[in-house]
Amino acid sequence: MSRLKVSVDHGAIERNVSRLVAMAPTAAVMAVVKADAYGHGLVGAAAAARAGGATWLGVAQPDEALALRAAGDTGRLLCWLYSPELPARGLIRAGVDLSVSSLEVLDTIVAAARMSGERARLHVAIDTGLSREGVRPEGLPALLDAALAADDAVEIVGAWSHFAWADRPGDPTIDRQADIFRAALAVIEERGIALEVRHLANSAATLTRPDLHFDLVRPGIAVYGLPPVPSPPGDDWGLEPAMRVTASLALVKDVPAGEGVSYGHEYTTPRDTRLGLVTAGYADGIFRSAGAGRGPVAIGGRELRIVGRVCMDQVVLDLGPEATERAGDEVVLIGADGPSARAWAAAAGTIDYEIVCRFGGLKEKHPA
């Protein structure tokens, strides 16, 4: 039985996508549902995103794409992260659009398409400065020519890239990457390739750079109600966090002043007080770095902090001498009635992306 309960509000995801659709009126929306939908549950989150108006879904791994098809999703779907050993034949038969960054991956896709008797739909990934996936601009002509030579097996329908620092509006890398992307599009167009979709904008650019929406935007973290950039003064992105994480008090007991708490006695009770034990720890996704008075929780609307070290399967709270909480009471780690994922990120020295992926990835998801 899970010691943490992760609840996901699919209605919030649907409303977030509807909001993002409204923010990008000149482009289609691809909801990125990679990494188990950022810990929110792949299939349920994808269905909610579709209901909110996402005409595309995006995943990194082939098994994610095939899982969505097995669950009944039939809409446009892009998959982009794999080696030349990708299961290309199964993806092509499932109608999954494929990203291509290299001649080696292209060769695999071409061979698989010819074996299956179906033409693969390709999106050329261009490295505009992130130095991850994507062909560098100087290698783009050779990749395009090879794809055109195999036009019985593949069709180039899209071109895309990814920002390095769009969550820092105004950073010069944003416009630099956009210029490189536009130059790459010109190389593609010079070869007579009519693209169906050009896409560059992630969540941050979807929210802050409408001039870079092109034909399709790819929001990820914003789909789950966690915008990567603050809203401007007087504006409100209108996004709702979709994840709630709870545990419960297993034990409440009185202890005197001067008692050491948890391993290493990094916390000593400053007064006679009441301690509460929560049976969840770093094995459940609670960051060990969030101990020693950093990790926030709430009980009945009252915010508390984890005291002492985070253990493998438990943490301790100092409830205070006048505490009325009892064993069995709900402890909120993330939720509208408790701390946010961003508050946990600050406590653990990380980002809210990792918080929701970590909590959600380790536990079964329950519909809210």
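**Entry 1: helices α1 and α3**

I looked up how α1 and α3 cross, and the crossing is right-handed. For my own reference, a crossing counts as right-handed if the near helix is turned clockwise from the far one by less than a right angle, and left-handed if anticlockwise. Helix α1 covers residues 10-23 and helix α3 residues 42-51; they pack at an angle of about 40°, with axes 7 Å apart. That makes α1 oblique to α3. On the scale I use, angles under 35 degrees are roughly parallel, over 145 roughly antiparallel, 65 to 115 roughly perpendicular, and the rest oblique. The axes are lines fitted to C-alpha atoms, for helices over the stretch in contact, and the angles run from 0 to 180 degrees between N-to-C directions.

Which residues meet here? From α1 I noted His10, Ile13, Glu14 and Val17, and from α3 Gly44, Ala45, Ala48, Ala49 and Ala51. A contact, in these notes, is heavy atoms within 4.5 Å.

A reminder to myself: this is a predicted model, in which local features need pLDDT of at least 70 and side-chain atom pairs count only at pLDDT 80 or more, while totals for chains, interfaces and linings use all residues. Residues are numbered from 1 along each chain as its sequence is written, and side-chain values use heavy atoms, with hydrogens and water left out.

**Entry 2: on to α4**

Next I followed α3 to helix α4 (residues 62-70), and found that their axes come within 10 Å and cross at roughly 65°. The two helices are therefore roughly perpendicular to each other. This crossing is right-handed. Leu42, Val43 and Ala46 in α3 meet Glu64, Ala67 and Leu68 in α4.

**Entry 3: alanine 242**

Is alanine 242 buried or exposed? I found it buried, at 3% relative accessibility; buried means under 20% relative accessible area, exposed over 50%, and partly exposed in between (1.4 Å probe, protein chains only). Alanine 242 sits in the loop between β9 (216-217) and β10 (243-255). Leaving aside neighbours within four places in sequence, its contacts include Ala12 and Ile13, as well as His40. Alanine 242 and histidine 40 are 202 residues apart in sequence, yet 7.9 Å apart in space, C-alpha to C-alpha.

**Entry 4: the annotated positions**

I checked the UniProt record: an unreviewed entry gives "binding site" for Arg132 and Met312. UniProt positions are in the numbering used here, feature names are shortened, and annotations may be inferred rather than shown by experiment. The pair is spread over 181 residues of sequence and, in space, up to 34.4 Å between C-alpha atoms.

Arginine 132 lies in the loop between β6 (120-125) and α7 (140-149). Beyond four places in sequence, arginine 132 touches Asp127 and His162. Methionine 312 is in the loop between β15 (302-307) and β16 (315-318), and is partly exposed, at 47% relative accessibility. Its contacts, again beyond four places, are Gly281, Tyr282, Ala283 and Asp284.

**Entry 5: asparagine 202**

His162 turned up again here: asparagine 202 touches His162, Phe163, Ala166, Arg218 and Pro219, not counting residues up to four places away in sequence. Asparagine 202 is buried, with a relative accessible area of 13%.

**Entry 6: the chain overall**

Last, I stepped back and counted 11 helices and 18 strands. These are DSSP runs, numbered from the N terminus: helices are H or I with at least four residues, strands E with at least two. Buried residues make up 51% of the 368 in the chain.
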